[in-house]
Amino acid sequence: MVEDGRDARRPHGELVADVLAVLWAADEPLTPQQINGALGRDLARTTVTTILTRLHEKGTLVRTRSGRGFAYAAADDAAGLAAGRMRRELEREPQRDLVLKRFVSSLSGDDEEALRRLLLESEDGA
């Protein structure tokens, strides 16, 4: 059975997640060619470059000049990126208290206790 292009595509975001994983594992900024090699896939140079450019425009990556092109590094680790997404979602809502209340009420007991502990540590450090 022959798959058409739509069936052969990766799930949305999988390639982005793989690119970020490569960058998080790297000790230094990487060029698109280095990232493509680390992915171990037969991707077009433009595919990787487009992903990197879009992530840079979103603030997910930082870039520095490397020859005629750029080398890229993650702006933050995975936890930092998730926290940033959560903060941006909260900032979009006019009823922040209600959003936070619903969020906290949906947490597991362990997560609620971890949040409580972190808030206390934050108060002590302030």
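Predicted model: local features only at pLDDT ≥ 70, side-chain atom pairs only at ≥ 80, totals over all residues.
Residues are numbered from 1 along each chain as its sequence is written. Local features need pLDDT of at least 70 and side-chain atom pairs pLDDT 80 or more, while totals for chains, interfaces and linings use all residues; side-chain values use heavy atoms, with hydrogens and water left out.

Strands E1 (residues 61–66) and E2 (residues 69–74) run antiparallel and are joined by six bridges; strands pair if DSSP finds at least two bridges between them. Helices (H or I, at least four residues) and strands (E, at least two) are DSSP runs, numbered from the N terminus. Leu-61 sits opposite Ala-74 of E2. Two residues separate the strands, and Gly-67 takes a positive phi near 65 degrees.

Then there's the core. A nonpolar core is a set of buried Ala, Val, Leu, Ile, Met, Phe, Trp, Tyr and Cys residues joined through side-chain atoms within 4.5 Å, where buried means under 20% relative accessible area (1.4 Å probe, protein chains only). The largest one has 16 residues, and Leu-15, Val-19, Leu-23, Ile-35, Leu-39, Leu-52 and Leu-61 touch the most other members. Helices H2 (14–25), H3 (32–39) and H4 (45–57) each supply at least two residues, with H2 giving the most, five. Leaving aside residues up to four places away in sequence, Leu-52 touches Val-19, Leu-23, Pro-32, Ile-35, Leu-61 and Tyr-72 (contact: heavy atoms within 4.5 Å).

Definitions and conventions
Buried < 20%, exposed > 50% of the residue type's maximum accessible area, 1.4 Å probe, protein only.
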